[in-house]
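Please look over the sequence and the structure below before reading on. The paragraphs after it walk through a few of its features.

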Amino acid sequence: MIGPVSYWAQLKEDEKKVIQNALSEIPVKVGKLARDLGLEVKAASLRPGISGELRRSDSTKSGFIIRVNRHERKYRQRFTIAHEIAHYLLHRHHIGQNGIVDDLLYRSSLSDAREAQANRLAADLLMPNFQLKKALEDSLTSNKQQLVSDFATAFDVSEAAMRIKLQNRMS
Ligand SMILES: [Zn+2]
């Protein structure tokens, strides 16, 4: 279980297994997770202002390929890959022939509600609740900024992403 989340029930059994396996170790290898789900990931020179795409493809097992803007920062690319994986898992039946294109704010032709879902699942994939719990138990610091900084490094995410995740988790 990656979180107390309703979307978990939507996933297929084999997908859950692949995800559980990927999340058993941090930092989560999102590129490998994508490939294990039958997706291909390509770092590409996307237009400025475009972070990622989920396109249809005849050459992958899943029928989809993720393209991530290689000019963006590494943390950002990891989050984008997780976000597109989330779209694939949750929204692939709502994606048209042209696929979807996410801008810098992760807005696409999908609804804002679906974008919010994808962001939530992306955060849960990169920062699984059970891994955070373990890290909190093992942490020696009570300094909040130090914690955010240490965890961002351990999970290979930005401090901003970690701060938001920890706030959501505590609330
Ligand atoms: Zn999106």
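The text begins with a metal site and then turns to aromatic side chains.

This is a predicted model, in which local features need pLDDT of at least 70, side-chain atom pairs count only at pLDDT 80 or more, and totals for chains, interfaces and linings use all residues. Residues are numbered from 1 along each chain as its sequence is written, and side-chain values use heavy atoms, with hydrogens and water left out.

The zinc ion has protein donors from His83 (NE2), His87 (NE2), Asp102 (OD), Asp102 (OD) and Glu115 (OE), at 2.0 to 2.5 Å. Donors are N, O and S atoms within 2.8 Å of the metal (3.2 Å for Na, K and Ca); water is not among the atoms, so sites may look incomplete. Along the chain, the spacing of the zinc donors reads H-x3-H-x14-D-x12-E. His83 and His87 sit four residues apart in helix H3 (residues 74–91), about one turn of the helix. Helices (H or I, at least four residues) and strands (E, at least two) are DSSP runs, numbered from the N terminus. Both His83 and His87 are buried, meaning under 20% relative accessible area, with exposed over 50% and partly exposed in between (1.4 Å probe, protein chains only).

Searching the whole structure gives three aromatic pairs. Rings of Phe, Tyr and Trp (its six-membered ring) pair if their centres lie within 6.5 Å; planes under 30 degrees apart count as stacked, over 60 as edge-to-face and the rest as tilted. One of the pairs is Phe79 with Tyr106, tilted, 5.6 Å centre to centre and 50° between the planes. Phe79 belongs to helix H3 and Tyr106 to the loop between strand E4 (100–103) and helix H4 (112–126), so the pair ties together parts 27 residues apart in sequence.
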